[in-house]
2 protein chains.
Amino acid sequence: MRYPRFLATCLVLGLAASCAPPVPAPSGNPDRITQASVINALMIGRYDGVNTIAEMLEHGDFGLGTLDHLDGELIILDGRAYQVRGDGAVVPVGPEWTTPFAVVTPFDEDGSFACPQVAGLTALESRLDEALPQRNSFVAVRIEGRFASLKLRSVHRQEPPYRPLGEVAESQSVWTREGLSGTVLGIRSPAWVGGLTVPGWHWHFLSDDRKVGGHVLDARPTEGRVRYDLCHDWEVLLPRSREFDQADLTPNLSRELKRVESARDPAPPRGPEGR
Amino acid sequence: MRYPRFLATCLVLGLAASCAPPVPAPSGNPDRITQASVINALMIGRYDGVNTIAEMLEHGDFGLGTLDHLDGELIILDGRAYQVRGDGAVVPVGPEWTTPFAVVTPFDEDGSFACPQVAGLTALESRLDEALPQRNSFVAVRIEGRFASLKLRSVHRQEPPYRPLGEVAESQSVWTREGLSGTVLGIRSPAWVGGLTVPGWHWHFLSDDRKVGGHVLDARPTEGRVRYDLCHDWEVLLPRSREFDQADLTPNLSRELKRVESARDPAPPRGPEGR
């Protein structure tokens with residue numbers, strides 16, 4: 001509701017280029033990780049946004065997810081929100097935009113170590129799992145570094161009637177970039193989260209110049225630092241709508257979800273338009 | 001650890017009868033339901049308390065669960081905590097006692113209706129499900145009324161090495177009381193909660209004179225009022241221990257859980273000692 005006024009203020013002040021929300025001071029429990037809705041709602045095609053970005057920023061300055069209408073990948077880094085569109089463009093996200101699924105936390109560093117220089121994302125995850133054995137807690141990880149290569153993807157905005165995520169993901173954009181500096185953001189959730197969020201690792205990337213980003217399908221770090229934040233309190237914000245109440249969210253879609261979120265060799269990969 | 005000192009203080013002050021914590025003013029989100037740990041941890045025998053009762057009362061004035069060492073049924077009503085021991089006795093719970101599993105919420109009434117006069121708990125649940133179709137939200141219910149009969153159970157304090165809950169529940173106490181006035185406390189969780197909490201309805205009872213209580217296996221209400229509180233935000237407080245981190249919480253124990261929590265015809269039922 002207040003977005004027009006916010007936008008007007010930005011324009012008046014000549015700050016149109018920095019309309020992304022300002023760095024917030026997330027209130028409440030720093031060890032809490034908060035998610036909007038549940039992943040099974042997204043799996044069955046509930047792409048309409050339910051929580052505003054401003055609301056999510058109140059729960060954390062770090063996170064990932066998607067946007068209303070499944071319009072690309074959402075990245076929240078240092079309290080600013082970014083959209084990676086299906087065409088690969090990175091744009092700031094306004095506070096009134098909404099998300100149908102996102103996971104955020106105040107990034108409250110619990111420790112750090114040098115990033116292992118490994119051949120790919122699977123090897124990286126193994127090394128991180130060894131370093132972070134708290135398998136029944138949530139953990140947020142940010143890796144600022146250089147990457148010899150990154151395989152990224154994004155999804156295209158959908159219109160109702162929505163198809164299930166498994167079908168939509170078949171038309172995702174996938175592209176590879178080399179020699180980038182930036183931040184890989186990861187959230188690891190316990191194996192027992194079922195259809196509530198993505199079990200295991202879930203990775204997004206944003207370059208230092210904020211021009212390249214996306215959901216990470218593979219990554220080859222050459223240098224960098226892993227900073228992590230253990231989260232022991234997990235909050236799920238459930239949509240307050242008749243549509244949500246009536247959805248059957250019980251099917252076990254774990255295999256489908258794994259394919260959608262971590263299919264590291266999708267066939268055939270399609271690049272974003274214009275790249 | 002500090003309970004003996006607390007008890008001593010109560011005795012010194014002659015306040016033994018009012019050792020239950022005072023009515024708190026739960027802070028934070030009134031639509032949040034908060035749980036200590038996850039039910040699968042209890043299922044596999046993690047009975048050591050992880051959160052204090054004082055801490056749980058900060059999250060809500062209404063709720064149910066169990067106590068350290070699986071020492072009976074926990075009831076939180078109007079901000080006071082009660083234990084129903086395995087022998088059926090109801091005693092106040094001190095703020096320093098701990099719980100390995102409990103679910104609490106600030107009871108913030110969203111509506112009420114006359115309690116259906118039905119023959120048993122299964123019929124009551126069906127009628128409540130019709131009246132409260134929000135199947136993907138949590139709902140807390142309190143029924144103050146008269147009950148022609150109540151079939152109650154409690155469990156006995158365990159000592160390490162702990163056996164799984166399915167085994168322990170076989171030695172539960174089960175007893176039936178007739179013509180009681182009191183409050184039935186219920187929490188309904190969505191079907192998709194998996195091994196995190198009890199899916200569907202979970203009921204405890206406390207009599208008006210605070211002398212009878214327990215986990216409800218059956219109930220026949222003759223009059224009363226149903227008050228309900230819809231909860232859209234769900235928070236899980238995860239234990240911060242190596243033991244918890246190392247536990248395998250992924251098995252599907254739903255059938256076992258259903259048997260433990262709602263076995264309405266356990267055979268053979270055993271009454272509490274001295275009743």
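Is B:Phe62 buried or exposed? Select B:Phe62 in this predicted model: its relative accessibility is 0%, so B:Phe62 counts as buried.

Before moving on, keep the overall tally in mind: 17 aromatic pairs are counted over all chains. One of the pairs joins B:Phe62 to B:Phe107; the ring centres are 5.0 Å apart and the planes stand at 50°, so this pair is tilted, as planes between 30 and 60 degrees apart are. B:Phe62 belongs to strand S3 (residues 62-66) of chain B, while B:Phe107 is in the loop between strand S8 (102-105) and strand S9 (111-114) of chain B, so the pair ties together parts 45 residues apart in sequence. B:Phe107 is buried too, with a relative accessible area of 13%.

Next, select B:Trp201 and B:Trp203. Their ring centres are 4.7 Å apart and their planes at 10°, so the pair is stacked, the angle being under 30 degrees. B:Trp201 has a relative accessible area of 10% and is buried; B:Trp203 is buried as well, at 1%.

The charged end of B:Arg142 sits over the ring of B:Phe107, 5.7 Å from its centre. For chain A, select A:Arg142 and A:Phe107: here the charged end of A:Arg142 sits over the A:Phe107 ring, 5.7 Å from the ring centre.

As a last stop, select A:Phe138, A:Trp192 and A:Trp234 together with B:Phe138, B:Trp192 and B:Trp234. These residues form one aromatic cluster.

Definitions and conventions. Residues are numbered from 1 along each chain as its sequence is written. Chains are lettered from A and ligands numbered from 1 in the order in which they are written. This is a predicted model: local features need pLDDT of at least 70, side-chain atom pairs count only at pLDDT 80 or more; totals for chains, interfaces and linings use all residues. Side-chain values use heavy atoms; hydrogens and water are left out. Rings of Phe, Tyr and Trp (its six-membered ring) pair if their centres lie within 6.5 Å; planes under 30 degrees apart count as stacked, over 60 as edge-to-face and the rest as tilted. Helices (H or I, at least four residues) and strands (E, at least two) are DSSP runs, numbered from the N terminus. Buried means under 20% relative accessible area, exposed over 50%, partly exposed in between (1.4 Å probe, protein chains only). A charge sits over a ring if NZ of Lys or CZ of Arg is within 6 Å of the ring centre and within 35 degrees of the ring normal.
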